[in-house]
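User: Hey, I'm new to this one and would like a quick tour. Can we look at it together?

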Amino acid sequence: MIDLSAPLPTMDRAARLERVRAQLTAHDLDAMWVTTPVNVRWLTGFVASNAAVMVTLDDVVVATDDRYRTQLAADLERFGLAELVTPVMAPNFEPAFAGLDGTTIGVEADHLTMAARAQLDQWVDATIEPTNGSVAGLRQVKEPAEVARLERAAAIADVALAELFTTVEVGDTERDLARRIERHMLDLGAEDRSYETIVATGPNAALPHARPSGRAIEAGDFLLIDVGAKVDGYGSDMTRTIVVGAEPTDEQRRWWHAVEAAQAAGVALVAAGVEVLAVDQRCREVLAEHDLAEAFIHGTGHGIGLEIHEQPIVSPRSVGILPAGLVVTVEPGVYLPGQGGVRIEDSVVVTDDGCRPITRSPKTITPPA
């Protein structure tokens, strides 16, 4: 059992900056202009609506505006970066480019707008090199301190879901259940939910991303809950599906046990060096054995961290292999329009010889005893 009040380990952001510098050398860049907010946070701990980071071989500049002057100074001190980072306060970020004429600067092509790209030409006489996933790729493999935060978030969601399942009744509405579990996660120490909680009952469970409505649970309904907590920016992700108020029908049992088997098979395959695509294929193979392949209409999973959907995406289009230290979801489901649906999801840490779960809620077709 994870102690939900224990201090969390310190994250080494200085080492992350060095990893970016190694990328500069590897790709013949003089600097990297980081504008994606989540990457700014990962590198510096600084959270703001208007911020960017310039990393060179000799310096790190964090650019923001005067609204964040006090916060930035405090954050840099708190994260041990005060001596390593130069703060720049400006309505725009032009001062961050001082001294970079004649250099080659990498930019985050998947985030920088065309207008912002054009502005760079006014600020600096340099070669602008588009990059894709250069910092996000570094974020894929989680440090032990990051895993500790994901484990804490998962444990909070586990406890909150267990409490909810002991109290759920026929007549409860989807919105009420969503509010109850989110309130309990906050009471347990979560800073927020990690995404909009999905609570879907009866035919609504056939919608993979159903939003909680005023629909009340009827006896014999499937109740699908997809829930996560957020701790220090890191969000957990888990789904369980149960039947409420009546014994499951034979057809409900068939769907549920097929998904359970597919999910278990996918998790059993996860290990460092395994092709990402193979995990998706394995889940689909099991569902095909139960004549439910066509009812599985989304990808099998995704990485999680500071964002709830990170690389890699586990789907029929996946490429690459699973690295040790990645935290990834395995979440097959079946969806029968007008009837209902089942999804079972765990988040696991990839290891050299397999994986270990960080979501630990029981998998049962009726509310756990």
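User: How do strand 7 and strand 10 pair up?

Analyst: They run antiparallel, with two bridges between strand 7 and strand 10, the latter covering residues 229–231. One thing to keep in mind: this is a predicted model.

User: Which residue in strand 10 is the bridge partner of Arg 193?

Analyst: That's Ala 229.

User: And what's the order of the sheet they belong to?

Analyst: The order is 7-10-11, an open sheet of three strands with antiparallel pairing. Strand 7 (192–193) and strand 11 (234–235) are the edge strands, each pairing on one side only.

User: Switching topic: how many salt bridges are there in the whole structure?

Analyst: A search turns up 27. Lys 142 and Glu 310 form one, with their closest N and O atoms 3.0 Å apart.

User: Where do those two sit in the chain?

Analyst: Lys 142 is in the loop between helix 5 (134–140) and helix 6 (144–167), while Glu 310 belongs to strand 14 (residues 310–314). The pair links distant parts of the chain, 168 residues apart.

User: Are Lys 142 and Glu 310 buried or exposed?

Analyst: Both Lys 142 and Glu 310 are buried.

User: Why does Asp 346 count as buried?

Analyst: Because its relative accessibility is 3%, and the cut-off for buried is under 20%. Lys 363 is partly exposed, since its relative accessible area is 32%.

User: OK, what about Gln 263, where is its place?

Analyst: Gln 263 is in helix 8, which spans residues 250–269. With a relative accessible area of 3%, Gln 263 is buried.

User: What does Gln 263 touch?

Analyst: Leaving out residues up to four places away in sequence, Gln 263 touches Val 330, Pro 332, Ile 344, Glu 345, Asp 346 and Lys 363.

User: Which side chain does the side chain of Gln 263 make a polar contact with?

Analyst: The side chain of Asp 346, at 3.2 Å.

User: And how far apart are the C-alpha atoms of Gln 263 and Val 147?

Analyst: They're separated by 22 Å, and the two residues are 116 residues apart along the chain.

Definitions and conventions. Residues numbered from 1 in each chain as written. Predicted model: local features only at pLDDT ≥ 70, side-chain atom pairs only at ≥ 80, totals over all residues. Heavy atoms only, no water. Pairing = 2+ DSSP bridges. Helix = DSSP H or I, 4+ residues; strand = E, 2+ residues; numbered from the N terminus. Salt bridge = Lys/Arg side-chain N within 4 Å of Asp/Glu carboxyl O. Buried < 20%, exposed > 50% of the residue type's maximum accessible area, 1.4 Å probe, protein only. Contact = heavy atoms within 4.5 Å. Polar contact = N/O pair within 3.5 Å; in protein donor to acceptor, adjacent residues only side chain to side chain.
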